[in-house]
Amino acid sequence: WAVFAEDVDAILALKRERNAVVLAHNYQTPEIFHGVADIVGDSLLLAREATKVNADVIVLAGVHFMAETAKLLNPEKTVLIPDLAAGCSLADSITAQDVRLMRQRYPGVPVVTYVNTSVAVKAESDICCTSGNALKVVESLGVERVIMLPDEYLAQNIAAQTNVKVTAWKGHCEVHELFTASDVRQLRENHPDVTILAHPECPPEVVAEADFSGSTAAMSEYVGKQRPPRVVLLTECSMSDNVAVLHPELEFIRPCNLCPHMKRITLKNIRHALETGRHEVTIDPAIANPARRAVERMLAV
Ligand code: 13P
Ligand code: SF4
């Protein structure tokens, strides 16, 4: 922690000076997550909390779509992302034009869009969802079929839990698609008593062999409530680091994959963002309203 102290102290002082808050995703490194964040959580919690922030400036320690969502919900506030290149393979997998083509192909079928997308894609959607509420959102529509974009595996994992027919896109998370069912079997062979939690962005065969699947917040809650003595979180690496700090008595086995986009955010660039006001997230006014509607409709479910 000593190596982080100077930046942590500077960030805490800058937050007071600028009336700023730091919202951090569960995949941020422990020095950000435990050191400077005011609010931590999964994509759903960050979106929900963004509607309640009482500050002039929000620094989003996460990826670009999360900062865009925070800005959509806070058009009057300054929203900063410390590195504009913090993207997401899911957000990059689909364009607004793709959504229009899907609508032409499946007329009248509602479009449920994962928050891991651009504002332009959200603007073409009926409602958003996160991994934490996808099933609820899909079932809230009261229809026989939905189009679920852009994560093919999340769509398949939801389809396995509902009677609603789900038409998927072919996007994947570059972090979670790397986990395989044989990884799960190997883990069980090496550690017979292990509890395996998998994020729903993992392929369905991984989720099928895991003991539990849920959003990053749901995984963290599961560990807190069930206290499995030996546990694996099949997700991004910082997740285990952050949860393990809270439960030193539990053993975390850590096969994990790094998200290069999440890892672009550092204490140094959070400090720089607060010092310089860069990079400010802006949204094309022409698409802000329909995109905000899709996010707000999700939050109302
Ligand atoms: P959640 O935190 O909403 O589960 O999402 C995981 C993720 O991949 C965000 O980038
Ligand atoms: Fe996107 Fe996957 Fe990284 Fe999350 S972990 S930001 S879904 S690439």
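This is a predicted model: local features need pLDDT of at least 70, side-chain atom pairs count only at pLDDT 80 or more; totals for chains, interfaces and linings use all residues.
Me: Why is cysteine 88 called buried?
Reply: You need 20 or more other C-beta atoms within 10 Å to be called buried. Cysteine 88 has 24 C-beta neighbours inside 10 Å, so cysteine 88 counts as buried. You'll find cysteine 88 in the loop between strand S4 (78-80) and helix H5 (96-105).

Me: Which residues is cysteine 88 in contact with, leaving aside its neighbours within four places in sequence?
Reply: Those are Val63, Phe65, Asn116 and His261. For a contact, the C-beta atoms have to lie within 7 Å.

Me: And why is cysteine 259 called buried?
Reply: Run the test again: the cut-off is 20 or more, and cysteine 259 has 23 other C-beta atoms within 10 Å, so cysteine 259 is buried. Cysteine 259 sits in the loop between strand S12 (251-253) and helix H13 (267-276). Beyond its neighbours within four places in sequence, cysteine 259 is in contact with Tyr27, Val175 and Glu236.

Me: What does UniProt say about Cys88 and Cys259?
Reply: An unreviewed UniProt entry places the feature "binding site" at Cys88, Cys173 and Cys259. These positions are spread over 172 residues of sequence, yet they cluster in space, with a largest C-alpha distance of 9.2 Å.

Me: How much of the chain is buried?
Reply: Buried residues make up 48% of the 301 residues. Looking at contacts with a separation of 6 or more, 64% come from residues 24 or more positions apart.

Me: Which domains is the chain divided into?
Reply: There's domain 1 (2-86 + 262-276), domain 2 (91-173) and domain 3 (176-253). Eight residues of domain 1 are in contact with nine residues of domain 2. On the side of domain 1 that touches domain 2, helix H3 (43-50) and helix H4 (64-73) each supply at least two residues. H4 gives the most, with four residues.

Me: What makes up the shell around ligand 1, by class?
Reply: That shell has three nonpolar, eight polar and two charged residues. Of the 13 residues around ligand 1, Asp42, Ser43, Ser131, Ser215 and Thr216 come nearest.

Definitions and conventions:
Residues are numbered from 1 along each chain as its sequence is written. Chains are lettered from A and ligands numbered from 1 in the order in which they are written. A residue is near a molecule or strand if its C-beta atom, placed from the backbone, lies within 6 Å of it. Ala, Val, Leu, Ile, Met, Phe, Trp, Tyr, Cys and Pro count as nonpolar, Asp, Glu, Lys and Arg as charged, and the others, Gly among them, as polar. A residue is buried if 20 or more other C-beta atoms lie within 10 Å of its own, exposed if 12 or fewer, and partly exposed in between; C-beta atoms are placed from the backbone. Two residues are in contact if their C-beta atoms, placed from the backbone, lie within 7 Å. UniProt positions are given in the numbering used here, feature names are shortened, and annotations may be inferred rather than shown by experiment. Domain bounds come from an automatic or database domain assignment.
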